[in-house]
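Hello,

Here is the structure I promised to pass on to you. Please open it next to this email, and then read on for what turned up.

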Amino acid sequence: MFGIVLIIYFGGRNVLHIGWKAWDLASFTTFLACFTKLATKVSHTAKLFNAVQKAQVSWVRISPLISDPIYDHYQKEEKVINDLTFNHVTTFYHGHPETAVKDINFTASANEIIGITG
């Protein structure tokens with residue numbers, strides 16, 4: 001913000017022909033536009049730089065926590081199911097009086113896929 005005040009002050013002096021160099025209003029306006037564009041780009045670059053720095057700091061902080069794998073020593077008991085049998089199964093949708101499936105029987109063997117439609 002202070003930079004803009006200086007630019008306007010010294011630029012105004014140059015337009016009034018009491019500064020370092022005699023400028024006309026068009027020269028000062030062009031200079032002010034270029035300065036504003038450059039200041040905007042520098043501001044965006046600074047924000048990007050800060051974001052990258054924050055990401056690097058975060059990565060340094062969390063990388064030790066995720067570098068070593070966690071091994072689970074839980075011994076899962078393997079149960080083998082050869083057949084799955086349904087006898088006289090009846091079901092309905094919640095809130096509807098009609099039955100969706102009524103009194104069905106079937107057996108599903110291992111590695112078998114069964115679909116009920118209708």
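A patch, as used here, is built from residues with over 30% relative accessible area and no salt bridge, where like charges are joined within 9 Å and nonpolar side chains (Val, Leu, Ile, Met, Phe, Trp, Tyr) within 5 Å. A salt bridge is a side-chain nitrogen of Lys or Arg within 4 Å of a carboxyl oxygen of Asp or Glu. Accessible areas come from the Shrake-Rupley method with a 1.4 Å probe, and for residues only the protein chains shown count as cover.

This is a predicted model, in which local features need pLDDT of at least 70 and side-chain atom pairs count only at pLDDT 80 or more, while totals for chains, interfaces and linings use all residues. Residues are numbered from 1 along each chain as its sequence is written, and side-chain values use heavy atoms, leaving out hydrogens and water.

Now for the patch: W59, I62, L65 and I66 make a nonpolar one on the surface, with about 460 Å² of accessible area together. W59 lies in helix α2, residues 25-67 (helices are DSSP runs of H or I, at least four residues; strands are runs of E, at least two; both are numbered from the N terminus). W59 counts as exposed because its relative accessibility is 51% (exposed is over 50%, buried under 20%, partly exposed in between).

Next, the strands. β1 (residues 83-92) and β2 (residues 99-109) run antiparallel, joined by 7 bridges; strands pair if DSSP finds at least two bridges between them. L84 has A108 in β2 as its bridge partner, and T85 stands opposite T107.

Happy exploring!

Note on methods:
Buried means under 20% relative accessible area, exposed over 50%, partly exposed in between (1.4 Å probe, protein chains only).
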